[in-house]
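Hello,

Here is the structure for you to take over.

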Amino acid sequence: MKKRVLVVDDSVTMRDMVAYTMKSAGFTVFEADDGLNAIDFLDKQTVDLVITDINMPRLDGVGLIEKLRNSDINRFLPILCLTTETDPNLKNAAKSAGATGWLVKPFDPDVLVRAAHKVCL
Amino acid sequence: MAKKKKPSAQIEKFRLTFFEECAERLSDIETVLDVLPNADSGDVAEMLNTLFRSVHSIKGGAGAFNFSQTVEISHAMETCLDLLRSGKIQIDSRVLDALIEARDILADTIDSEKAGNKPKNENIGNVITSLLALQSDTGLAAAEGKTKNRPKENVSNGKQKKYVIKFNPTARLYEAANDPLLLVRELSSLGDLKTSADTNLVPLLSKMDPLDSYIHWEFELIGDVSFTDVEEVFEFVSDACALQIEEVSLVSVDKPGRSDTETVVTSEAESLAPAQQPSGLSLRSKNAPPPACQTHERAENYLCAR
C-alpha cells in the first residue's frame, strides 16, 4: 500500500517540486499551503508523513508541529521540516516542538526520499 | 529516450511556476515597502514577516534552479530583514533605500534569468554591499565569516572500520515520532551490524509507563564508513537520547560479507533495509557542497535521479 504524505508549503514552486519528488518515489501526495490548511486536512484524513516548511503565513511550521503533537490522532505522526532556514534557534524550536527531522532547501530528491523512509515505518 | 525528456518538460513547468510566483512575491514586496515607512507600529512586525516570507520563497525556488545571483541578493535581503525583525537594526531611510534598491535589482535579475541572459554583476555586487554594510554595523558579518571557515568533516577512506555505539533513547525520541527500528535499518545499510538490546530496565507490566523508554541498545558496526556517516544516522534524535559512538581497533576482517553470528540485526530490520531504499541512492554528506552545474541543470539532475 502506498504511503501517504502531506506537503505543506506556501510556495507553489516548492510544493510542486516536493510533490513531484515524492510521487516519483511511490508516495501518494496531498498538499496544503499553510499550517492551518494542513490542520484542516488532517482533521479529515490520515497520512503517514508530513513534510512542512517553517516560514508560512497564518500558522507556521513550528506552530503546526505543536498542534499535531498536542492532538490525539496525530501525536505520533512523523514530521519532517524542509526549509531554507539554517538558523539554529529556529531548528531547536522545531525540534522542541517535536519535529522528527530537518532538511534544508534546496533539497536533493534522493536525500528527501531517504529521509522520508528514515522516519516512515 | 522518453524517460530523459520527461524531467526536462517537468523542469520547464517548475521554472514557469517559479517565475509566476516570483512576479507575485515581488509585487507583494513592492507594496509592503511602499507603505512600511508610514505604517502603524502594531502592523510593522507582520509587514516584516510578509517581506521575509516573500524573499525567503524566492530564495528557496532560486536555489533549486541554481540561480546563484538571485539567491545571493535574496539571502542578503533576508539577513537585513531578520535584523529588522529582531530589532538589531531599525527602519530608517538608509535601510529602506537599500531594501527598495535590492528589490529592483532582484526583479531585474529574475527577469534576466527568465530570458536566459546573464544578470549584470556590478549592480548585484553594489546592492549586496549596501545590505552587508547594514549587517556589519551589528558585528554579525565577522561572526558569520568565522562559522563558514569550519574545518571539513572527516570522510571515509576506503578502509573497514569498527564502531561500538551505545544508544539509550529517551521518551522524547518516541514523542517526536522517531523509532529505534528505523535507526537499526539505517545502520544496517552502512555495513555489518550486530545489535543487542538491554532489557534490564523494563519493569513489570503493572509498573510500566507505556510512553516511557526502557530499552537500551548497543550496536557493533563494521563498514567502510566515516565517523560522520555513523553520527548522521542519529542526526534527528541526537538530543533525544544518550549516545556514545566509539571507533575501536579492528583486529581482523576476513571478508566483508555479513556475519552469521547470533546477534546480527533482527531479520525484520534486515529485510526492510534494501526494500525501502530508493535505487541509485546517494550517500552524500548533508554538508557536502552541491554539485556544480549549469543553470537549471542542477534541478534537472535532482529529478533525473528518479
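A salt bridge here is a side-chain nitrogen of Lys or Arg within 4 Å of a carboxyl oxygen of Asp or Glu. This is a predicted model, where local features need pLDDT of at least 70 and side-chain atom pairs count only at pLDDT 80 or more, while totals for chains, interfaces and linings use all residues. Residues are numbered from 1 along each chain as its sequence is written, chains are lettered from A in the order in which they are written, and side-chain values use heavy atoms, leaving out hydrogens and water.

Interface

Chain B puts 49 residues into the contact and chain A puts in 44 residues (contact: heavy atoms within 4.5 Å). About 4,100 Å² is buried between the two chains, with carbon and sulfur atoms giving 57% (buried area: the accessible area, 1.4 Å probe, that two parts lose on being put together, summed over both).

The rule finds 4 salt bridges across the interface of chain B and chain A. A:Lys118 forms a salt bridge with B:Glu235, and their closest N and O atoms are 3.4 Å apart.

Cysteines

How many disulfides does the structure hold over all chains? The count is 0, a disulfide being a pair of cysteine sulfur atoms within 2.5 Å. A:Cys81 has a relative accessible area of 0% and is buried; B:Cys22, at 2%, is also buried (buried: under 20% relative accessible area, 1.4 Å probe, protein chains only).

Regards

Methods:
Buried means under 20% relative accessible area, exposed over 50%, partly exposed in between (1.4 Å probe, protein chains only).
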